[in-house]
Amino acid sequence: MGSFLLVEAISSEEDLILDVSQVTKDMVQLAGGKGANLGELTSIGVRVPPAFILTSKAFKYFLEYNNLFDKIRDTLSSSETSEEASEKIKQLIKNAKMPDKLSSMIYQAYDELSKKVGKEILVAVRSSATAEDIETASFAGQQDTYLNVTKDELIDRIKDVWASLYNARAMEYRKSKGIDDLSILIAVVVQKMVNSRSAGVMFTLHPVTGDEKYIMIESNWGLGESVVGGKVTPDEVLIEKSTLRIVEKKVSNKNIKIVYDKQLKKNVTITLDEKESRLMSITDEEAIELAKLALKIEEHYKRPMDIEWAIDNDLSFPENIFIVQARPETFWSSKRKENKNIAEKSAPIGGKVLVRGLAASPGIAFGKAKIILDIKDPKVHEFQKGEILVTKMTDPDWVPLMKIAGAIITDEGGMTSHAAIVSRELGIPAIVGSREATKIIRDNQEITVDAIRGIVYEGKVLQTSETVSQQAQPSIGIQGISREVLLSLYPVTATKIYMNLGEPDVIDKYLDLPFDGIGLMRIEFIVSEWVRYHPLYLIKIGNAELFVDKLAEGIAKVASAIYPRPVVVRFSDFKTNEYKKLIGGEEFEPDERNPMIGWRGVSRYVSKEYEPAFRLEAKAIRKVREEMGLKNVWVMFPFVRTTWELEKAIKIMEEEGLRRDSDFKVWIMAEVPSVVVLAEEFAKIVDGFSVGSNDLAQLTLGVDRDSELLARMGYYDERDPAVLESIRKLIKAAHKYGKTVSICGQAPSVYPAVVEYLVKAGIDSISVNPDAVINVRRQVASIEQQIILRNLNGKRKNK
Ligand code: PEP
Ligand code: MG
């Protein structure tokens, strides 16, 4: 690269520094991607915080002025590692002199920004990668941003941003792509820090239902971080696009705000007093102005957008309303790809609300309500496909009815109740824990169930009468693509992604999902629907084979469909009240005050009463593995409390011909805290654990998992630190003995934060509901990559 050419190129001073209003989207080369975007927004009339851009030419001029091209080239050839070169080059840039011409232009541009406000301002200094480097910048996180920079610090921070081009990771990445480090330049955006009175985000669609007729603004006092980072429940303003009318406003109890503290020179969190906390943080006028800007942005980009905004304290309306960042909205856009019509069919906010509850299985349905309180009610036989089942609570007897229901609403139950789990597996919208649905909804009343938000409306408030399930379905419509090719499109993860399944018949529906096995096969479905009789009753009448055959048949259906991937079959985990409902069960099951913590799981198998039935369960497994050759079937013991009972149960199983070996794994559920406390002892007698977070949360926190009251109060929460810490300890103890840990409770299917925690804690596999398989796999892949990169960087630094 000749210096002669370079000096010529900068002979025009105009494009060393540009005001944001001079930039358009085609100027990525000069202003970088970020600068070009800001310019583009300005050109369509969207207000962004005042800014200027030091172009790539300014950087080139700086390098040339200090003879840095040669020095950098020498450093590159004399350094042994990228880290060494990176450190040296960064120092070269930071120590070099800012040419007088450039520094006076920078200060002049800065003074002009300040003049607009009438006082000396703080600025953000951000890197803006040019076309050649955009990919590296996003891969290597080379997106240095310095906030709250004063005039005195400005030149140094600009140099810091330039130096960031030579981060070791960015250099490594360019090297792997064969890109010459010296061929890359970046621009720098210098932008007024918004002194924000209020800030937040807005979406050009309804973020809950995906309805594109609305703009939703979320707002809090202070900086936008509190809203973007989900630290508060923000105020909400819903605006109809066609009329720019505010159709819904909600003041929330916001509790805190984040502001910049000039003395401490950092952002601080301030607790709001009661009054400010409950005061609407945005006026109607401001909300409507924001909505206008949102419309312009959406029109320009021709897609739903996710926009960060702020209202500046230093300026007056409407000059104080700024857009800070705009990007395509992704959640609904990708959902739409999975289920094209969900947004159009989603519920509007109008309509009379009948009841609310917990949205346990997402989706929307319209239909006739049928109030059925008892499964023996003759009305059951008249129940038509697509009608909406309204009941107190379901249990396994209800499954045949649930299968044909358009939606399910229950009075009782939390997010892990029977109704919730089964509905998710069947892909049927469900609202649980409504408390009073059976009282308020009338029989045969036409209702709309919005199980995305947990609301039941009177009448038809949808545009179509179809049921829309939000369950993810892989895109199997691509003609001529084999399942193998389709599955290879999903990321490979070191942490295995398993799927939970109980209903053998639905396996065909989920075969194209990218799961590595079934991490929990609940057999209660097979027993209540296929066998229907209590096993002890069958023994009594001399027809025990029925139990063994049907159970084997159900398990084999799944195991053969996904062979050779493993199926972890859990021995029966009915509670006494549930067993009692099986035909002939009355005679064998006691009345218990608390069946949830009663005669359940292993305590049954080792009791002289149930042991013969447990032997039938073991016989069924043996039949599948040996007669049918499905060696991919493993077993799992539920509700394990002590090592002695487990040892006893394993012995009975062994007597039935099932011995642990390299292709027959025996797992236990970790759901009673004693298993965590004595994890090392348990690890000595099993091959693996699977965390039953539904029960583990219940028993660790002492919170009835089916109590909708406690769920509403926020007590039932698997993300509680005590639960997470238990899982972490279990993983550590199990790994000490070379045993694996999985999880099959509901938590990772619903909480991305739990997935992240588990992967970072080193879990071996995660088993989720069918609707969560794709997303969890993607999320796990990205967390794993992050861990690998961090480790890589750490090692290099330590060298
Ligand atoms: C659990 O407890 O997390 C679990 C998966 O088992 P179940 O929900 O069947 O009790
Ligand atoms: Mg459990």
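Biologist: Which protein donors does the magnesium ion (ligand 2) have?
Modeller: In this predicted model, the donors are E671, through OE, and D695, through OD. They lie 2.1 to 2.2 Å from the ion.

Biologist: Where in the chain are E671 and D695?
Modeller: E671 is in the loop between β27 (666–670) and α26 (673–677). D695 belongs to helix α28, residues 693–701.

Biologist: Are E671 and D695 buried or exposed?
Modeller: Both E671 and D695 are buried.

Biologist: Next, S690. Where is the place of S690?
Modeller: S690 sits in strand β28, which covers residues 688–691.

Biologist: Why is S690 counted as buried?
Modeller: S690 has a relative accessible area of 0%, and buried means under 20%.

Biologist: What does the side chain of S690 reach?
Modeller: The backbone nitrogen of C744, at 3.5 Å.

Biologist: And which residues does S690 touch, leaving out those up to four places away in sequence?
Modeller: S690 touches M636, then W667, I668, M669 and A670, and also S742, I743 and C744.

Biologist: Changing topic: helix α19. How many of the residues of α19 are buried?
Modeller: Eight of the eight residues of α19 (residues 524–531) are buried, so the helix is largely enclosed by the rest of the structure. The buried residues are E524, F525, I526, V527, S528, E529, W530 and V531.

Biologist: What covers the buried residues of α19?
Modeller: The cover includes the helices α15 (399–404), α16 (418–426), α20 (535–540) and α21 (544–562). The strands β24 (518–522) and β25 (567–570) are also included.

Biologist: What follows α19?
Modeller: R532 follows α19, and the phi of R532 is positive, near 70°.

Biologist: On to the strands. In which sense do β14 and β21 pair?
Modeller: Strand β14 (residues 353–356) and strand β21 (residues 455–458) pair in the antiparallel sense, over three bridges. V355 has V456 in β21 as its bridge partner.

Biologist: How many bridges join β20 to β21?
Modeller: Four bridges join β20 (residues 446–450) to β21, and these strands run antiparallel. Here I447 has E458 in β21 as its bridge partner.

Biologist: What about the hairpin of β20 and β21, how many residues are between the strands?
Modeller: There are four residues between the strands of that hairpin. In the hairpin, G454 takes a positive phi, near 80°.

Biologist: And where do side chains go in a regular strand?
Modeller: In a regular strand they alternate between the two faces of the sheet.

Key: Residues are numbered from 1 along each chain as its sequence is written. Chains are lettered from A and ligands numbered from 1 in the order in which they are written. Side-chain values use heavy atoms; hydrogens and water are left out. Donors are N, O and S atoms within 2.8 Å of the metal (3.2 Å for Na, K and Ca); water is not among the atoms, so sites may look incomplete. Helices (H or I, at least four residues) and strands (E, at least two) are DSSP runs, numbered from the N terminus. Buried means under 20% relative accessible area, exposed over 50%, partly exposed in between (1.4 Å probe, protein chains only). A polar contact is a pair of N or O atoms within 3.5 Å; within protein, one must be able to donate a hydrogen and the other to accept it, and residues adjacent in sequence count only if both atoms are side-chain atoms. Contact means heavy atoms within 4.5 Å. Two strands pair if DSSP finds at least two bridges between them.
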